[in-house]
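Have it open while you read.

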Amino acid sequence: MIFLKFFEHVALGIIGFAAILLLGFSRTEAAVFALASIAIDIDHLAWYFWKFKSMDFLKAKRQFENHELRDFSVFKLFHTIEFWLFTLVLSILGTAWFFLFLGISFHLLLDFTQVQLYGRKKCAKAKRSWSIIGYLIKSKNKWKSTE
Ligand SMILES: [Zn+2]
């Protein structure tokens with residue numbers, strides 16, 4: 001949501017759903033792809049709810065989309081390389097799991113492409129962590145510097 005807006009992800013998820021059906025895959029596989037590519041953004045809300053102790057979905061959505069949270073270090077578990085690799089490993093369990101990996105990859109590719117094309121300056125201010133390990137190292141250094 002910081003990058004592509006939520007409803008753009010929904011629209012692209014629906015297009016992906018249709019494309020996968022046209023390629024001859026099952027409705028379940030297409031649905032897993034679409035839901036994964038949309039639901040991954042739930043981590044933005046989880047972070048917002050944790051940080052502000054507020055369950056106001058609309059306020060959270062508005063603040064992310066208007067880049068009002070750019071001065072915060074935002075940690076989004078499902079947008080990290082470690083989680084992405086975890087879903088890749090899960091894909092050995094079966095085709096539906098592979099479509100989960102594809103849906104998440106699709107979403108991350110859209111986010112990443114948009115950062116490269118349009119929002120680099122703006123998005124850099126959001127201090128987004130693309131890695132759990134990177135986030136932990138950064139947090140540890142921050143704690144050290146405040147001691
Ligand atoms: Zn996203």
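1. L45 sits in helix α3, residues 42–52 (helices are DSSP runs of H or I, at least four residues, numbered from the N terminus). Bear in mind that this is a predicted model: local features need pLDDT of at least 70, side-chain atom pairs count only at pLDDT 80 or more, and totals for chains, interfaces and linings use all residues. Residues are numbered from 1 along each chain as its sequence is written.

2. (Buried takes 20 or more other C-beta atoms within 10 Å, exposed 12 or fewer, partly exposed is in between; C-beta atoms are placed from the backbone.)

3. Leaving out neighbours within four places in sequence, L45 touches F57 and A60 (contact is C-beta atoms within 7 Å). D56 is 11 residues from L45 along the chain, and their C-alpha atoms are 9.2 Å apart.

4. On to α2, residues 27–39: its 13 residues span 17 Å from first C-alpha to last, close to the 18 Å expected at 1.5 Å a residue (1.5 Å times one less than the number of residues). Its buried residues include V32, F33 and I38.

5. Helix α1 (residues 6–22) packs on α2 at about 160°, axes 8 Å apart. That makes α1 roughly antiparallel to α2 (angles over 145 degrees). Axes are lines fitted to C-alpha atoms over the stretch in contact, with angles from 0 to 180 degrees between N-to-C directions.

How values were computed. Helix = DSSP H or I, 4+ residues; strand = E, 2+ residues; numbered from the N terminus. Parallel < 35°, antiparallel > 145°, perpendicular 65-115°, else oblique. Contact = placed C-beta atoms within 7 Å.
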